Every structure is written in structure tokens, then in C-alpha cells.
Amino acid sequence: DSSTGEPGTSPVVSDEMRLFLKEKYPGSVIIDYGKNANGMLEVDIMHDNIEKDVYFDNEGNWVYTSWDISPASLPDKVNAALAATYPQFYVDDADYIERPEIVYYEIELQDGNFEKVVFVSPEGEILNEWYLSNIVCSQAEAADNTKEGTSVPSFMLSSLFFFEYIR
């Protein structure tokens, strides 16, 4: 069956997607699904008492899974990295992101005047950052935000933000 449905019809969660969900998230239950603004199929599941959003592309391939994380439940290494790097900011929102290539936290920080998004590995490495008020950044800004010797692939960006990192 089609993972996206025919034009004018509702999207379909294919048998292959259901098998993926069963293997990746044993015991999960589909609670809702539909197309998101980027055309991906978003399947909302309940897994281990956590509501998770699982995204598939138009070919039915898993792209990523995300779920809310309480700021109080962030790992110590992540909190330590945030406190050392952004002492004036507080955590406003946090999500855990699983992708085929990497897992990381997408954390929204605020200091009263500014809001920024920071990507942090579970080990506490700051992978990238940007101010929400400056979503489309210049090449120089992107280069400044990328640590020397590393590159952060565009797949790390949530569905809300699109720009390429400079190597």
C-alpha cells in the first residue's frame, strides 16, 4: 500500500512502517497520524508512556523521531555543558531527537531578551546553535557556529528550520 495515499485522500501508515514501529518501539501504539507542513508523514505513538512523533518521508523511510523532555530530566552532562556555555540562559523547552545517524537534544534557551536553539549530544557536546530571531544565517555566522574540524549535517535541523552548515 502507499505510505502517502493518493491525492485528495488521507495518508496511510504502510505495513512496512508499522513493522518498523513494532521493531524500533516495541509495544508502541499509534494514536494519530497525518502529513506535516513539510509533506512528511507524522505518526504519533505512545511508547513507554511517552508520546513520540515519528516522521517518514514520501517513500516511507524513517527520517526521525522526537519527543518532549522535561528540562529537569536532561542528563547531567548536558546541563553542565549548557551552564558552562550559556550561564545567562535558562532551558525553556527540550526535545530528544533520534535519527538514523545520530541522537541529540534540541534545546530552546531564553535569557529574557533572546531565544536560541542549541543542539547538544547526550555526552554534553554542543553541536550547534542559533538565535531564533536569526533563523536564516549568513555563511559567516554558520561558519562561526560550527566547531573547527566538525560539521553538523542538515538532517539535525527540526522541521521548523532549514539552512545548510558550512564545513
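1. Start with the Gln110 side chain: in this predicted model, it makes a polar contact with the side chain of Tyr90 at 2.7 Å, and another with the side chain of Glu115 at 3.3 Å. A polar contact here is a pair of N or O atoms within 3.5 Å; within protein, one must be able to donate a hydrogen and the other to accept it, and residues adjacent in sequence count only if both atoms are side-chain atoms.

2. Gln110 sits in strand β6, residues 103-110 (strands are DSSP E runs of at least two residues, helices H or I runs of at least four, both numbered from the N terminus). Leaving out residues up to four places away in sequence, Gln110 touches Gln88, Phe89, Tyr90, Asp92 and Glu115, where contact means heavy atoms within 4.5 Å.

3. Over in helix α1 (residues 15-24) there's Phe20. Phe20 counts as partly exposed because its relative accessibility is 22% (buried is under 20%, exposed over 50%, partly exposed in between; 1.4 Å probe, protein chains only). The C-alpha atoms of Phe20 and Trp62 are 8.3 Å apart, with the two residues 42 apart along the chain.

4. On confidence: pLDDT, the predictor's per-residue confidence from 0 to 100, averages 80 for the protein, and 73% of the residues score at least 70. Residues 1-8 fall below 50, with 23 contacts in the model beyond near neighbours in sequence. Residues 134-167 are also below 50, with 55 such contacts. Where pLDDT is low, the predicted coordinates should not be read in detail.

5. Bookkeeping: residues are numbered from 1 along each chain as its sequence is written, and side-chain values use heavy atoms, leaving out hydrogens and water. Local features need pLDDT of at least 70 and side-chain atom pairs 80 or more, while totals for chains, interfaces and linings use all residues.
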